Amino acid sequence: MALVVIVPALFWHYFGGAVTTFWSSVITTTKSFFSSASGGFWFELFGLTIAYAIVAMLAIKLIAKFNSREASDYLKDINTPALIGIVMCVITFVIACFNFGPALWLPKNFPTKPQRGVISYLFNHLLYGKNAPPASSPTTPLPWTTGTWFWWKALVFYLVTTVAYIIFVFPEDIKEIYREAKKRHEEKTDEKLTKKNAKETKPHEDGAPSFGRLLEVEFIAEVAIDIFRFLFEKFKAK
């Protein structure tokens, strides 16, 4: 599970500049092509999706060449879009973590520029004493008025689309994966409760676990990993 986050993070660390430049060129081209567009979310999402599609095609061609297969074999596989969607979600999530949008509830005009100058002067006076620079009105915008929520909105869109596709294409397999993960999770939970409260634990009642248990991060992570492993094994089998 850690590799799913570490690998994209390392990729972004070393190639983030090139990706950002390429992404900017895609957005510029998209906006110029749709001359009547105002550069809204859907046009930017369209450009990002094109960029992902180009990278995915190159990756599929490399994988096909490495395995001495035809790229069309992978493109015809209904499993391939699901894996591409998962990778898109992971990469978008990593980028979004470094591009938080503006704060939702903080006022845009408070503190004012003169007030910020006074605060900055007082802080510098504490640090430098008499050598503190004179107070001046800052020209930089407030930290919480900048940024964009584009990457988080794109993540939600890709995540919903990918999950819907996986459930639609592999309904029975997903149900089986969910049942197996739920069974393991119940056994782990009962074992932990037994060890923690050996003398006070009440007998476990049969039936589905509580709603709170199903929402635990550990359980969700297990289901997600099992689904990814299932898709990856089907992809390798082709």
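Predicted model: local features only at pLDDT ≥ 70, side-chain atom pairs only at ≥ 80, totals over all residues.
Visitor: What share of the residues in the chain is buried?
Guide: A residue counts as buried when its relative accessible area is under 20%. The chain has 238 residues, and the buried ones make up 28%.

Visitor: Which element gives the largest share of the largest nonpolar core?
Guide: The largest nonpolar core has 14 residues, and those with the most contacts inside it are I166, F170, I174, I227 and L231. Two or more residues come from each of α4 (79-97), α7 (171-196) and α9 (217-237). The largest share is five residues, and the element that gives it is α9.

Visitor: How many residues does the second, separate core have?
Guide: Among the members of this second core are M88, A96, F150 and A154. In general, nonpolar side chains in soluble globular proteins tend to be buried together. The second core is separate, and its size is 13 residues.

Visitor: What span does α2 reach from its first C-alpha to its last?
Guide: Helix α2 covers residues 41-66 and has 26 residues. At 1.5 Å a residue, a span of 38 Å is expected. The span in the model is close to that value, at 37 Å.

Visitor: Which residues form a nonpolar patch on the surface?
Guide: Helix α2 has buried residues, including F41, L45, L48, Y52 and I60. L58 is also found in α2, but it is exposed because its relative accessible area is 51%, and exposed means over 50%. L58 belongs to a patch with about 350 Å² of accessible area together, formed by F46, I50, I54 and L58.

Visitor: Is S68 buried or exposed?
Guide: S68 follows α2 and is found in the loop between α2 and α3 (71-75). Its phi is positive, about 55 degrees, although S68 is not a glycine. With a relative accessible area of 66%, above the 50% cut-off, S68 therefore counts as exposed.

Visitor: Which residue forms a salt bridge with R69?
Guide: In general, side chains of opposite charge can pair when their charged atoms come close. Here the count comes to one salt bridge. The closest N and O atoms are 3.4 Å apart, within the 4 Å limit, so the partner of R69 is D73.

Visitor: How many disulfides does the structure hold?
Guide: A disulfide needs a pair of cysteine sulfur atoms within 2.5 Å. C89 is buried, at 7% relative accessibility, whereas C97 is partly exposed, at 32%. The number of disulfides in the structure is zero.

Visitor: Which residue is joined to P111 by a cis peptide bond?
Guide: P111 has its place in the loop between α4 and α5 (113-128). The omega of the cis bond is about 0 degrees. The residue joined to P111 by this bond is F110.

Definitions and conventions
Residues numbered from 1 in each chain as written. Heavy atoms only, no water. Patch = residues over 30% accessible without salt bridge, like charges linked within 9 Å, V, L, I, M, F, W, Y side chains within 5 Å. Areas by Shrake-Rupley, 256 points an atom, 1.4 Å probe, with all protein chains shown as cover. Salt bridge = Lys/Arg side-chain N within 4 Å of Asp/Glu carboxyl O. Helix = DSSP H or I, 4+ residues; strand = E, 2+ residues; numbered from the N terminus. Buried < 20%, exposed > 50% of the residue type's maximum accessible area, 1.4 Å probe, protein only. Core = buried A, V, L, I, M, F, W, Y, C linked by side-chain atoms within 4.5 Å. Expected span 1.5 Å × (residues − 1).
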